Amino acid sequence: MAFIHALLDALTGFVKSTGFMGLTYHNIIMIIVALILLYLAIKKGYEPLLLVPISFGMLLVNLPGNGLMEEGGLLYYLYFGNKLGIFPPLVFMGVGALTDFGPLIANPRSVLLGGAAQFGIFFAFLGAIILNMIFPGLFNLKEAASIAIIGGADGPTAIFLTSQLAPHLLGPIAVAAYSYMALVPIIQPPIMRALTTKKERQIKMDQLRPVSKTEKVVFPIVVTILVVLLLPSAAPLVGMLMFGNLIRECADTHNLAQTASNGLMYSITIFLGMTVGATASAEAFLNPQTLGILALGLAAFSVGTAAGILFGKIMCKVSGGKVNPLIGAAGVSAVPMAARVVQKVGSEENPTNFLLMHAMGPNVAGVIGSAIVAGIFLTLYGA
Amino acid sequence: MNALAEGLTVTIVGMGITLLALLALSYILDIFGAFSKAKPKAKAQPVPEVSEEIEEVDETDDLELVAVITAAIAASLNTTTDQLQVRSFRRVGVQGSTWSRTAKQENLKIIE
């Protein structure tokens with residue numbers, strides 16, 4: 001008899017310890033959200049390298065009772081890499097090691113397009129402030145800045161700024177940023193067509209001049225000195241981006257660049273993605289703020305695209321019709337997707353028009369631009 | 001209302017700093033361009049137009065080939081493809097014995 005009692009006790013103890021007992025409907029909704037994101041990433045190819053780790057982290061943390069994100073849990077400790085602002089700059093180093101700044105060096109004015117497209121960020125910032133006036137208490141200024149940076153279309157920048165200003169919003173902001181980046185080919189073309197004439201889209205641009213190795217080596221050094229002196233708070237992002245680029249362009253540091261852009265970057269991406277996803281607990285995700293973030297993120301992307309194109313139109317006029325305004329759309333960053341979209345929309349009008357390399361200039365300038373804006377927000381609202 | 005005023009200020013100042021930094025960068029890159037133009041001019045001058053080999057053109061079929069050949073010539077002459085114009089090209093055919101071909105290939109490898 002005593003044996004059966006002990007057995008029953010053990011069984012009830014086990015049943016109580018399973019996650020099933022702690023499962024709330026919030027968890028179930030979040031598990032479904034995670035599964036949908038996994039589906040989109042795996043089956044539809046939406047930024048799978050990031051959305052798979054993010055959504056899997058989200059799935060894990062919403063299975064109750066495992067304590068992964070509580071003190072002592074695996075993801076809790078890995079999350080320090082985000083919390084302390086370590087992972088995103090390291091990913092940025094890998095991005096730098098993968099980026100060719102040649103098209104930007106060859107066409108210096110295209111740098112400005114990468115600046116103009118950052119207007120989307122500030123538009124969303126104002127939008128968040130206005131939403132807060134309609135629904136008091138929805139977003140404070142730090143949160144507004146973190147949401148706005150989605151418009152920079154740059155994952156590491158968005159995660160870096162959010163982890164410093166509003167870490168509780170990391171989950172929804174990362175999901176919004178990466179989903180919209182994956183949706184660039186759907187979001188941008190209608191805006192591009194609406195704001196340009198057929199004639200403008202057909203403009204062919206002069207071929208870019210060849211860029212020497214020396215220029216490519218000097219470039220990251222000059223940018224680092226200029227930007228970090230101007231905006232010290234942008235140093236983690238811009239400094240690491242340019243360091244990555246320098247080791248790419250120096251012939252003798254090839255092995256460093258290889259590691260930074262391959263093994264190291266993918267390892268960090270795994271940690272970063274999973275822990276960002278793990279911040280998306282039910283209470284952090286299922287609230288009106290998430291809806292606001294999704295709406296503002298989309299607005300930031302669209303307005304950024306529009307601002308880039310409008311600035312491109314100005315440059316087209318000033319240059320006497322030598323600049324195709326479409327390349328302005330690539331200024332939002334989202335490298336290299338946005339530049340590919342420009343190429344596609346341009347070649348629809350004229351199959352012999354090759355805008356890809358011209359669009360890469362504003363595209364990579366956009367990365368520098370959004371890192372600068374992140375630095376500005378950090379200076380204003382950082383600790 | 002206060003927050004909105006702050007937001008507008010941040011927007012103006014933020015966009016201003018961003019554009020200013022990038023404008024400065026763009027002018028610095030102009031200096032890069034000036035340097036690189038100063039150098040290759042001496043070399044690039046004798047290369048205004050090169051017409052390769054000779055004979056028939058069937059451009060519709062061979063556009064890709066023209067592009068490849070133009071790019072290859074441009075690379076070897078250290079200039080860009082828009083400085084060149086391929087008027088016509090034809091296959092030269094295999095010349096010489098297997099031995100001389102092998103010798104040519106090996107010499108090319110050394111040059112590379």
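User: How many residues does the contact take from chain A and from chain B?

Analyst: The contact takes 34 residues from chain A and 25 residues from chain B, where two residues are in contact if their C-beta atoms, placed from the backbone, lie within 7 Å. This is a predicted model, in which local features need pLDDT of at least 70, side-chain atom pairs count only at pLDDT 80 or more, and totals for chains, interfaces and linings use all residues. Residues are numbered from 1 along each chain as its sequence is written, while chains are lettered from A and ligands numbered from 1 in the order in which they are written.

User: Which element gives the most to the side of chain A that touches chain B?

Analyst: H10(A) does, with eight residues. Helices (H or I, at least four residues) and strands (E, at least two) are DSSP runs, numbered from the N terminus.

User: Changing topic, how many helices and strands has chain A?

Analyst: Chain A has 23 helices and zero strands. Its C-alpha atoms fill a box of roughly 95 × 50 × 40 Å along the principal axes.

User: And where is A:Gly312, and is it buried or exposed?

Analyst: A:Gly312 lies in helix H21 (residues 288–318) of chain A. A:Gly312 is buried because 30 other C-beta atoms lie within 10 Å; the cut-offs are 20 or more for buried, 12 or fewer for exposed, and partly exposed in between, with C-beta atoms placed from the backbone.

User: What does A:Gly312 touch?

Analyst: Not counting residues up to four places away in sequence, A:Gly312 touches A:Leu113, A:Val323, A:Pro325, A:Leu326, A:Ile327 and A:Gly328.
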